[in-house]
Amino acid sequence: MPGRVKKRSPLKAPERPYIALGLEGSANKLGAGIIKHSPDGSTHVLSNVRHTYITPPGEGFLPRDTAQHHREWALTVINDALKKAGVSLHDIDCICFTKGPGMGAPLVSVALVARTLSLLYNKPLVGVNHCVGHIEMGRQVTGAQNPVVLYVSGGNTQVIAYSQQCYRIFGETLDIAVGNCLDRFARVINLSNDPSPGYNIEQEAKKGKRLLPLPYTTKGMDISLSGILTSTEAYTTDKRFRPNGPSPEDGEDIITPQDLCFSLQEHVFAMLVEITERAMAHIGSKEVLIVGGVGCNERLQEMMGVMARERGGNVFATDERFCIDNGIMIAQAGLLSYRMGYETPLAKSTCTQR
């Protein structure tokens, strides 16, 4: 049987260097990144600057306050990115911005900055899908060819694969995102939001000693997370719960915040591994690419790695520079679009939350 013929990419090699500025602000991270595509086919990250809006422990971030943060920091972050890259806005080929999905007010604030720069410097605009930005940067950094993508962040939980020139969703959360689930529990037990609640849950989970029973809800290719969050919260009102850890007079049958973080993580990540494996079996892929902020979690990477190796495959993941929302991923996806002839007219440079 003849070998499968590799399809030629519709993206032609650049005849000159292309440089793009990417602006991201769909949630509480404001990012500006500058990327360069060279004629030899190489890609260079020239700069990747980010500033995070951090709220006090026990609080989330509201759209209005987050948008205000982005407006206050936009010039500083963009100038810092240009300085680190050693380029000026005159050298940029296109200005890429997050069109959505995300929180309305922060998205609009960053889109306004992108439009203004586009008009001031007469540069084309390219609107980018936030999810595609994560995937394209993950593929670029890891070298994954045609992976099943697990996209896990504060606002999104999806299993995605590429088919017929389009990223298609195979499975997703039916209610809240995994990052939102972890963040909300972090608020219940009053964990710090610095550097992020999810990171602090991961550190607390490493100290957990008990795996407590919790709901495990996979429905075909989809999962549900609101029930497990409610059940984990319910343990904090149990008479065995010790918010400050065990005391000398306590027996064995106590529950600590660390036990709850550990149990929540183990159950939720097992659900994610299951639906990802189902997608791998469905499309016959040997590669898994984890993207999104929760993709930084080393325990999730470890569990996914065990599954992938059992199937004779590989897991690909990036570190916090590229997992957490950033401007460089918007620049990468936007520049690929621009090189394919895509631009966003000013009249169409609106944002969508979905």
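This is a predicted model: local features need pLDDT of at least 70, side-chain atom pairs count only at pLDDT 80 or more; totals for chains, interfaces and linings use all residues.
Take C94: its nearest cysteine sulfur belongs to C96 and sits 3.8 Å away, and C94 is in no disulfide. C94 also counts as buried, because its relative accessibility is 0%. Now look at C351. C351 has a relative accessible area of 25%, so we call it partly exposed.

Let's move to the annotated sites. An unreviewed UniProt entry carries a "binding site" feature at H130, H134, Y151 and D325. These positions are spread over 196 residues of sequence, yet they cluster in space, with a largest C-alpha distance of 12.0 Å. The UniProt entry, again unreviewed, also has a "binding site" annotation covering Y151, V152, S153, G154, G155, D183, G198, E202 and N297. As for G198, look for it in helix 5, residues 197–205.

Let me stay with Y151 for a moment. You'll find it in strand 6, which runs over residues 148–152. Is Y151 buried or exposed? It is buried, because its relative accessibility is 0%. Beyond its sequence neighbours within four places, Y151 touches H130, C131, H134, N156, T157, Q158, I160, V291 and G292.

H130 has 3% relative accessibility, so it counts as buried. H134, with a relative accessible area of 2%, is buried too. What does H130 contact, once its neighbours within four places in sequence are left aside? The list is E24, S26, T98, G100, P101, Y151, D325 and M329. For H134, with those close sequence neighbours again set aside, the contacts are Y151, V291, G292, F322, C323, I324, D325 and M329. If you compare the lists, Y151, D325 and M329 turn up for H130 and also for H134.

M329 takes us to helix 10, where it is one of the buried residues. Helix 10 covers residues 327–339, and its 13 residues should span 18 Å at 1.5 Å a residue; the end C-alpha atoms are 18 Å apart, so the two agree. This helix is mostly covered, with eleven of the 13 residues buried. Those include G327, I328, L335, L336 and Y338. At the start of helix 10, a side-chain oxygen of N326 comes within 3.2 Å of the backbone nitrogen of I328. Just past the other end, G341 has a positive phi of about 95°.

Next, back to Y151 and its strand. Strand 6 pairs with strand 11 in the parallel sense, over four bridges. Which residue of strand 11 is the bridge partner of Y151? It is V291, which also came up among the contacts of H134. Strand 11, residues 287–291, is mostly covered, and five of its five residues are buried. From this strand, E287, L289 and V291 point one way, while V288 and I290 point the other way. On to strand 12, residues 314–317: strand 11 pairs with it in the parallel sense as well, over four bridges. There, V288 has V315 as its bridge partner.

One last stop, helix 7, residues 257–283. At 1.5 Å a residue, its 27 residues should span 39 Å, and the end C-alpha atoms are 39 Å apart, so that agrees too. Because 19 of the 27 residues are buried, helix 7 is largely enclosed by the rest of the structure. G284 follows helix 7, and its phi is positive, near 75°.

Notes: Residues are numbered from 1 along each chain as its sequence is written. Side-chain values use heavy atoms; hydrogens and water are left out. UniProt positions are given in the numbering used here, feature names are shortened, and annotations may be inferred rather than shown by experiment. Helices (H or I, at least four residues) and strands (E, at least two) are DSSP runs, numbered from the N terminus. Buried means under 20% relative accessible area, exposed over 50%, partly exposed in between (1.4 Å probe, protein chains only). Contact means heavy atoms within 4.5 Å. The expected span of a helix is 1.5 Å times one less than its number of residues. A polar contact is a pair of N or O atoms within 3.5 Å; within protein, one must be able to donate a hydrogen and the other to accept it, and residues adjacent in sequence count only if both atoms are side-chain atoms. A disulfide is a pair of cysteine sulfur atoms within 2.5 Å. Two strands pair if DSSP finds at least two bridges between them.
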